[in-house]
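Student: I am new to this structure. Please walk me through it.

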Amino acid sequence: MKFNFVSLFMNNRFIYTSAPGRICLFGEHQDYLGLPVIAAAISKRMHIRANLTFAPKVFMNLPDINSYEYFDLKNLPLPYTCERDYFRSAVNVLLKEGFQFSLGISGELNSSIPINSGTASSSALIVSWLNVLSHLADKPRNLSPEELAGLAYKAEVEEFNEPGGMMDHYAVAVGGIIYLQMSPSFRLETLSVNLGKFVLGDSGEPKDTIGTMNRIKSETLKIAHQLKLLDPNFSLLTTTADELLAYRSLLSKSDFNLINGTIANRDISHKAITLLRKLSNEKQIVDHYLFGQLLLEHNDNLRDAQQILTPKINRMLDASLEAGALGGKINGSGGGGCMFAYAPNKTENVVEAIEKAGGRAYIVSIDKGVTVSQ
C-alpha cells in the first residue's frame, strides 16, 4: 500500500483553538497604574483552525475582514511590517522562549468579537495564535492559561512599547471572572459568582485605544509624581479620598478631577471585590441592584474624570437604564467602542433600547477562557 505521507503528517498536526472577548467590570484604566482590576470573559469568541505544512510559511485566512496574513519563517526573528504586527510578534516572543519553527502553518481565523471596540479582540487574537504556535512548533508544548497570558502581554505590549496593562491577556486566557492585583505584588484570583446576563452595546464609533491610554496614563502619573514630590507619603495605592482633599488647592481643577476619579475608581474596585469574594466564598444570592449601582458609580467617574465617554455611548447607557438595566458602564479604553449593561431580567428590552439609540446589541454571559483541541 502506498501512503500519502504529506496528507498523513498534516492530519496528525492539526489544532483548533478558541479564546473569548472580555469586559472590564471594575478598574478601567487602572492596571497600568499598578491598581487592581476585575474583568470577565464573555461569550463572544475568536476561533483559529490550523495545521502544519511542509513549506516554512505562515498563511492565515481572515475572512471576517476580507484579508489574510502571509509571511516566511525561513529568516527568524521576523521583521515587523506594520504597527501592532501581532502574528509576527507572537512568533518572535516564542523564539525567545526557545521554540523553533522549521515547518509552516496554514489556517483560518473567525471571530464574533467586535473589532476595535474595547472587548479585547487583539488579545484574543494573540492568545489564540500563541496557542496554535506552541502546539505546532517543532517541539510542541501545552502552555497553561497563565503562561499564554504572560506571553501575550509581551507580544502585544512589550514588543511595541505600548502603554497597556495585563488585564486583557489574563481575562482572555484564564476566563470566568478574575481579580488581578498588580502592586505591591502580582496576584491572580478567580471568582465563582453566578452573575446574570449582560448586554454588550457596540456604538460603531472608532476609537484611538493607544492615544487614549497614553493620555490618561501620562497625565495621571505626572500628577502622582507632582504630589509625591510635595508629600513623600502620597500613593495611588493607599492615599484616601479624604487625604487627597489636602492637595486640592495645589492642582488645577482638571488635574484634581483626574486624580480624584482615579482614587475613587480604586475604592469602587475594592468594594466590588469585597462583594464578589463574599458571593464566591459563601455562595450567596447576588444582590443584582448593588452590583449594578457599583458599575454606574465607576462609569460616572470614567465619564467625568477620565472623560472617555462619547455622547452616543451616554445615550446608549441611558436608554439601557430606562429599559430596565440595573447598571452598566463604558467598556475598554473609551472614546468610542462598546458599553455594556447589566440586565439579568430585561435583556431583550435592553437590546431593543440600545439599538434604538443607534448601537448594535448582543446578549452575553460569562464564559470560559482559552480552549484547545487536536
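Tutor: Two strands pair if DSSP finds at least two bridges between them. Helices (H or I, at least four residues) and strands (E, at least two) are DSSP runs, numbered from the N terminus. The model is predicted: local features need pLDDT of at least 70, side-chain atom pairs count only at pLDDT 80 or more, and totals for chains, interfaces and linings use all residues. Residues are numbered from 1 along each chain as its sequence is written, and side-chain values use heavy atoms, without hydrogens and water.

Student: Over how many bridges do strand E8 and strand E10 pair?

Tutor: E8 spans residues 198-202 and E10 spans residues 338-342. Their pairing is antiparallel. Asp-202 has Cys-338 in E10 as its bridge partner. The number of bridges between E8 and E10 is five.

Student: What is the order of the open sheet of four strands?

Tutor: Pairing in this sheet is antiparallel. Its edge strands, E9 (327-331) and E11 (360-364), each pair on one side only. The order is E9-E10-E8-E11.

Student: How many residues apart are Tyr-86 and Phe-160?

Tutor: They form an edge-to-face aromatic pair, 5.8 Å centre to centre with 70 degrees between the planes; rings of Phe, Tyr and Trp (its six-membered ring) pair if their centres lie within 6.5 Å, and planes under 30 degrees apart count as stacked, over 60 as edge-to-face and the rest as tilted. Tyr-86 is in helix H2 (residues 86-96), and Phe-160 is in the loop between helix H4 (145-156) and helix H5 (167-174). The two are 74 residues apart.

Student: Why does Tyr-86 count as buried?

Tutor: Buried means under 20% relative accessible area, exposed over 50%, partly exposed in between (1.4 Å probe, protein chains only). Tyr-86 counts as buried because its relative accessibility is 6%.
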